[in-house]
Amino acid sequence: MSGESDLRALLSGMRPELNDGAYVFCTVPGTTVPAGTAPVATVLEPEGLTLVLRREEADAAGLGYDYTAGWITLRIHSALDAVGLTAAFAAELGAHGLSCNVIAGYHHDHLFVPAERAAEAVAVLEALAARSLQD
């Protein structure tokens, strides 16, 4: 099942959805996910295994972190080779002073934004979607 690749359709149909909870990025040496954690994403880097997980899980496992994020899922099924979606929403969020860490899944893009501004980020993305319908 291929995803959408037309930029206008991607923007107008992105339907940003804020997931419940607060999420953190942690790193552990090696390749083993710590017991008692269920990361929503992992990335293996030469420096260690990055885990994106609920803040409560990181705290319970004694894992350190510097950044607490809200997790937004763009509900449109974007093609992995689509051009311009990440650039468009990153520029819009950046124009509002919002940082964004992006992880692309097979079906959806997942944005991690400052937890205290997550609702604002959703509103910014919804406004971008609405404007793309008018263009």
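Which residues do ring pairs link into a cluster? The cluster consists of Tyr23, Phe25, Tyr67, Trp71 and Phe112.

This is a predicted model, in which local features need pLDDT of at least 70, side-chain atom pairs count only at pLDDT 80 or more, and totals for chains, interfaces and linings use all residues. Residues are numbered from 1 along each chain as its sequence is written, and side-chain values use heavy atoms, with hydrogens and water left out.

**Aromatic pairs**

Rings of Phe, Tyr and Trp (its six-membered ring) pair if their centres lie within 6.5 Å; planes under 30 degrees apart are stacked, those over 60 edge-to-face, and the rest tilted. By this rule there are five aromatic pairs. Two of them are tabulated below.

| Pair | Geometry | Centre to centre | Angle between planes |
|---|---|---|---|
| Phe25 and Phe112 | edge-to-face | 5.5 Å | 85 degrees |
| Trp71 and Phe112 | stacked | 5.8 Å | 15 degrees |

Phe25 belongs to strand β2 (residues 23-28) and Phe112 to strand β7 (residues 109-114), 87 residues apart. Trp71 lies in strand β5 (residues 68-74), so its pair with Phe112 in strand β7 ties together parts 41 residues apart in sequence. Strands here are DSSP runs (E, at least two residues), numbered from the N terminus.

Burial is judged by relative accessible area (buried under 20%, exposed over 50%, partly exposed in between; 1.4 Å probe, protein chains only). Phe112 is buried at 1%, whereas Phe25 is partly exposed at 24%. Trp71 is also buried.

**Cysteines**

The structure holds zero disulfides, a disulfide being a pair of cysteine sulfur atoms within 2.5 Å. For Cys26, the nearest cysteine sulfur is that of Cys100, 18 Å away. Cys26 is buried, at 3% relative accessibility, and Cys100 is partly exposed, at 25%.

Notes: Helix = DSSP H or I, 4+ residues; strand = E, 2+ residues; numbered from the N terminus.
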